[in-house]
Structures are given as structure tokens and as C-alpha cells.
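Me: I have a structure open and would like to go through it piece by piece. Can you take my questions as they come?

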Amino acid sequence: MKQDLRIIKTKDSLRHALLAILKQKPLETITIAELCREATINRGTFYLHYKEVHEVFKEYLEVIVEDLKQSYEEPYHKTNYHIQNLEADMIKIFHHVKKYKNFYQIIFDERIPMMYYYLLFDTIRSVMKESIEEHLEFDHSIQLNYLISYQTNAILGILLEWHRHGYETSIQELNRHLLAILSINSPVRKM
């Protein structure tokens with residue numbers, strides 16, 4: 001079912017306002033009043049869609065996570081989970097980060113509480129776990145939880161490095177670097 005354009009615009013305004021405020025203060029201290037002021041909507045409109053500020057963040061995170069999941073899995077689907085057939089232009093995760101750059105700038109900002117980073121870590125970790133358990137075989141001498149945490153930190157490490165360089169490195173160059181890294185013997189393979 002298609003959503004009303006007014007609802008989409010209201011939610012986008014609230015998300016942009018939330019990101020702007022999050023650059024200055026933690027989520028727990030943001031009030032509905034200041035979020036509404038920043039989004040230039042009234043409180044009544046806010047309450048039509050949400051009960052509290054956390055719900056705006058949670059819903060936006062769900063949108064980002066769904067896009068992240070699709071971006072992460074797309075190259076695997078294109079290669080039928082044969083990583084050796086992966087080509088640099090198939091990698092979409094950097095496109096995803098660029099699309100949601102304002103969100104990632106907050107997550108990776110050193111002044112922002114680590115809880116946001118851990119939230120992202122746990123989210124990516126669950127996406128990877130699901131993918132590995134459903135589609136890939138792994139070296140069973142390695143405990144799955146450690147493998148997934150290692151791979152999650154590897155992705156986050158690359159994204160954090162990109163952030164530290166102001167997102168200046170092109171997506172094509174990052175894809176080539178990631179492909180080179182992935183071509184090193186991996187502990188996971190297609191079933």
C-alpha cells in the first residue's frame with residue numbers, strides 16, 4: 001500500500017531534524033518540542049505518527065538497516081554466493097553509506113556516545129549471521145560468533161576509515177580495495 005505523500009514528507013522532516021540535533025546532543029536528551037521546532041511541524045502532527053523521539057530514531061534505523069541488508073546481500077545474490085566471481089562494481093555497501101552519509105557521520109563521530117556504534121555493530125552482525133547461516137559454509141574450527149564479530153568489525157573498520165578521510169575516496173576505489181581484501185582466503189564459502 002502506497003503511503004500518503006504528506007506522511008512521507010513529515011517523516012523525512014523529522015528524520016532530518018533528528019540527525020541535525022543528534023550532531024549536538026544525545027538521543028536521550030532530545031525533546032519532542034525541540035524536534036518539532038527543528039522539523040517545523042507541530043506537536044499534534046508528531047503525535048499522529050510517534051509517541052516519543054526514540055520511535056523516530058528506531059524507524060529510521062529500520063529503514064537504513066533494510067537498505068544495508070540489501071546492499072550487503074546483492075553481490076552475493078549476483079554471484080550465487082560464489083565470492084570468487086565477485087566483481088568490484090557488484091559491491092553496493094559503499095553506495096548505501098553514501099546514501100545515508102549524514103547518519104553514518106553521526107555514528108562514527110568520536111564525540112557521539114558509543115551506544116550508537118554498538119547499535120550499528122549489532123545490526124550488521126545480525127545481517128551477517130543470517131547470511132552465513134543460510135547460505136555459506138564456514139570453517140568449523142572457528143567459533144561462528146567470533147567469525148561473525150570479526151567480519152562485522154572488518155566492514156565497520158573500512159567504513160570508519162572512509163569516514164576519517166571525509167568520504168573522499170571514490171566508491172569505485174573502495175570497491176577495488178574491498179575486492180582485493182575479500183580475495184584473500186576467506187573462512188567462509190558457498191555451501
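Me: What covers the buried residues of H2?
Reply: The cover includes helix H1 (5-22), helix H3 (43-49) and helix H4 (53-78). Helices here are DSSP runs of H or I with at least four residues, strands are runs of E with at least two, and both are numbered from the N terminus. Contact means heavy atoms within 4.5 Å. This is a predicted model, in which local features need pLDDT of at least 70 and side-chain atom pairs count only at pLDDT 80 or more, while totals for chains, interfaces and linings use all residues. Residues are numbered from 1 along each chain as its sequence is written, and side-chain values use heavy atoms, with hydrogens and water left out.

Me: Which residues of H2 are buried?
Reply: In H2 (residues 32-39) they are Ile-32, Glu-34, Leu-35, Cys-36 and Ala-39. Buried means under 20% relative accessible area, exposed means over 50%, and partly exposed is in between (1.4 Å probe, protein chains only).

Me: And which are the buried residues of H1?
Reply: Thr-10, Lys-11, Leu-14, Arg-15, Ala-17, Leu-18, Leu-19, Ile-21 and Leu-22. They pack against H2, H3, H4, helix H6 (101-107) and helix H7 (114-135).

Me: How far apart are the end C-alpha atoms of H1?
Reply: They are 25 Å apart, which agrees with the 26 Å that 18 residues should span at 1.5 Å a residue. The expected span is 1.5 Å times one less than the number of residues.

Me: Back to H2. What does Thr-40 do just after it?
Reply: Thr-40 takes a positive phi of about 50°, in a residue other than glycine. Thr-40 lies in the loop between H2 and H3.

Me: Is Thr-40 buried or exposed?
Reply: Exposed, with a relative accessible area of 69%.

Me: What about Tyr-167, buried or exposed?
Reply: Tyr-167 is buried, at a relative accessible area of 4%. Tyr-167 also has a positive phi, about 60°, although it is not a glycine. Tyr-167 is found in the loop between helix H8 (144-164) and helix H9 (171-182).

Me: Which residues does the UniProt "DNA-binding region" annotation cover?
Reply: Residues 31-50, according to the unreviewed UniProt entry. UniProt positions are given in the numbering used here, feature names are shortened, and annotations may be inferred rather than shown by experiment. In the model, residues 31-50 are 75% helix and 0% strand, with end C-alpha atoms 13 Å apart.

Me: New topic. How many aromatic pairs are there?
Reply: The count comes to 13 aromatic pairs. Rings of Phe, Tyr and Trp (its six-membered ring) pair if their centres lie within 6.5 Å; planes under 30 degrees apart count as stacked, over 60 as edge-to-face and the rest as tilted. Tyr-60 and Phe-103 form an edge-to-face pair, 6.1 Å centre to centre with 85° between the planes. This pair links distant parts of the chain, with Tyr-60 in helix H4 and Phe-103 in helix H6, 43 residues apart.

Me: Are Tyr-60 and Phe-103 buried or exposed?
Reply: Both are buried. Tyr-60 and Phe-103 belong to one aromatic cluster, whose members include Phe-57, Tyr-100, Tyr-104 and Phe-108.
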